[in-house]
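Have the sequence and the 3D view open side by side. This report is a walk through the fold for someone who has not seen it before.

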Amino acid sequence: MATVRLGIEGEYGRRMRRFLEGHLDQSIRLRHFTDPGQWQGPGDPEELMVLEQSFFRKLPEERQDELMEHRTIWISDVEEAGTYYRFHPPDRLMEMIQKETGFSGTLSGETDESCEVVGFFTPYCDSLLISAVRAHMQEGDLYLGMGDMRDSILSGEETGHMGDLCYYIHLKDDQIISRIRELSVREDGCHFLPSAVSFLPLSELSETDYQWFFSLLKQEKVFRRVCVGMGCGMLLRSGLMDRLDRFFLISSRTDTKVADCCEYIMQSVRAGCQRLFDHCEILYREDLDINPDGRPSAPVYGKY
């Protein structure tokens with residue numbers, strides 16, 4: 001375990017911390033100070049300092065003297081040999097930290113594949129929806145409820161809902177990943193954020209809002225897969241559908257009305273979203289092995 005102290009002010013500092021948290025090896029612990037007045041101690045001599053030169057100049061003289069004895073990566077406002085220029089790509093700073101600490105950098109939870117966004121649709125308000133999606137989830141996945149009305153998390157634990165998150169998506173909050181973690185419930189290594197009391201907050205988000213949100217999820221790769229539970233209210237909204245990599249309709253082998261509806265919708269999706277033409281399929285609820293308590297008795301990860 002290595003500790004890195006960041007002395008970086010303002011929005012630049014918050015963005016840099018977020019990048020490093022997502023990309024550095026989990027064996028590297030970050031401590032971020034945004035205000036020189038909050039800087040603590042001399043600290044462990046083995047700690048690595050990453051300091052803006054302007055941040056350092058604002059520290060008391062005795063603190064500056066202490067820091068001169070530490071290994072330090074300097075963030076400068078001008079290009080200087082041996083420093084990190086603040087307008088260089090952040091991965092360059094990451095590489096400098098890796099070299100100093102001896103830990104290679106890997107994105108937390110990242111695999112070689114990009115983050116996949118998968119939609120699961122049911123044509124009516126269905127309490128089975130979240131259970132059906134759960135059966136297709138693995139550790140590291142995120143469930144986003146975008147159904148017509150609120151669904152229940154299996155644990156029954158109090159949580160936020162997708163309507164809460166819509167507020168932060170519209171603001172394009174740069175801490176959106178932290179917001180998801182705060183609002184969701186974690187079970188078996190997966191995060192679950194249920195649907196709002198209705199789909200109306202979701203309908204108020206613009207196509208640009210959805211593009212920003214899902215692009216960030218794919219870019220950050222914090223979650224291995226994002227599973228979106230959908231109802232009729234969000235169906236064929238281009239801002240959402242254009243973000244999906246795969247789309248599944250939960251149909252029925254015995255209810256002909258549901259089966260006909262899902263077949264018709266699948267044809268409409270394939271016609272209206274060409275990118276999903278070969279990635280749009282039907283699942284049958286009768287094939288899902290769901291226990292009476294709503295939990296899948298066995299995962300069916302391998303079915304897609």
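## Before we start

This is a predicted model, so local features are kept only at pLDDT of at least 70 and side-chain atom pairs only at pLDDT 80 or more, while totals for chains, interfaces and linings use all residues. Residues are numbered from 1 along each chain as its sequence is written, and side-chain values use heavy atoms, with hydrogens and water left out.

Helices (H or I, at least four residues) and strands (E, at least two) are DSSP runs, numbered from the N terminus. Two strands pair if DSSP finds at least two bridges between them.

## The five-stranded sheet

Start with an open sheet of 5 strands, paired in parallel and ordered S2-S1-S3-S4-S5. Its edges are strand S2 (28-33) and strand S5 (84-85), each of which pairs on one side only.

Moving along, strand S4 (residues 71-76) is parallel to S5 and linked to it by 2 bridges. Here you can look for Ile75 opposite Tyr84 in S5, and for Ser76 with its bridge partner Tyr85.

Helix H1 (residues 10-23) packs on this sheet, with contacts (heavy atoms within 4.5 Å) to strand S1 (2-7), S2, strand S3 (48-52), S4 and S5. Its direction makes about 170° with that of S2. For such angles, axes are lines fitted to C-alpha atoms, for helices over the stretch in contact, and the values run from 0 to 180 degrees between N-to-C directions. Helix H4 (residues 90-101) also lies across S1, S2, S3, S4 and S5, and runs at about 170° to S4.

## The seven-stranded sheet

Now find the open sheet of 7 strands, which has mixed pairing and the order S8-S9-S7-S10-S6-S11-S12. S8 and strand S12 (280-284) are at the edges with a single partner strand each, so one side of each has no neighbour in the sheet. On average, neighbouring strands here are turned by 25° against each other, direction ignored.

Helix H6 (residues 162-171) touches S7 and S9, at about 95° to S7, while H9 touches S6, S7 and S10, at about 165° to S7.

## The cores

A nonpolar core is a set of buried Ala, Val, Leu, Ile, Met, Phe, Trp, Tyr and Cys residues joined through side-chain atoms within 4.5 Å. The largest one has 43 residues, and Leu144, Met146, Leu165, Phe213, Phe214, Val226 and Phe247 have the most contacts inside it. A second, separate core has 16 residues, among them Val50, Tyr84, Leu93 and Met94.

## The largest pocket

The largest pocket holds about 280 Å³ of space. Of its 15 lining residues, Arg15, Met16, Arg18, Phe19 and Gln219 are the closest to its centre. H1 and H9 each supply at least two residues of the lining, with H1 giving the most, 5 residues.A pocket here is an open set of points on a 1 Å grid over the protein atoms alone, where a 1.4 Å probe fits, with protein on both sides within 12 Å along at least five of seven lines; lining residues have an atom within 4 Å of a point. Grid points are joined across faces, edges and corners, and the volume is the space filled by probe spheres set on them.

## Two loop residues with positive phi

Most residues other than glycine have a negative phi. Asp188, in the loop between strand S8 (185-187) and strand S9 (190-193), has a positive phi near 50°. Asp188 is exposed, with a relative accessible area of 63%.

Lys221 is not a glycine either, yet its phi is about 55°. Lys221 is found in the loop between helix H9 (207-220) and strand S10 (225-230), and is partly exposed at 23% relative accessible area.

Conventions:
Buried < 20%, exposed > 50% of the residue type's maximum accessible area, 1.4 Å probe, protein only.
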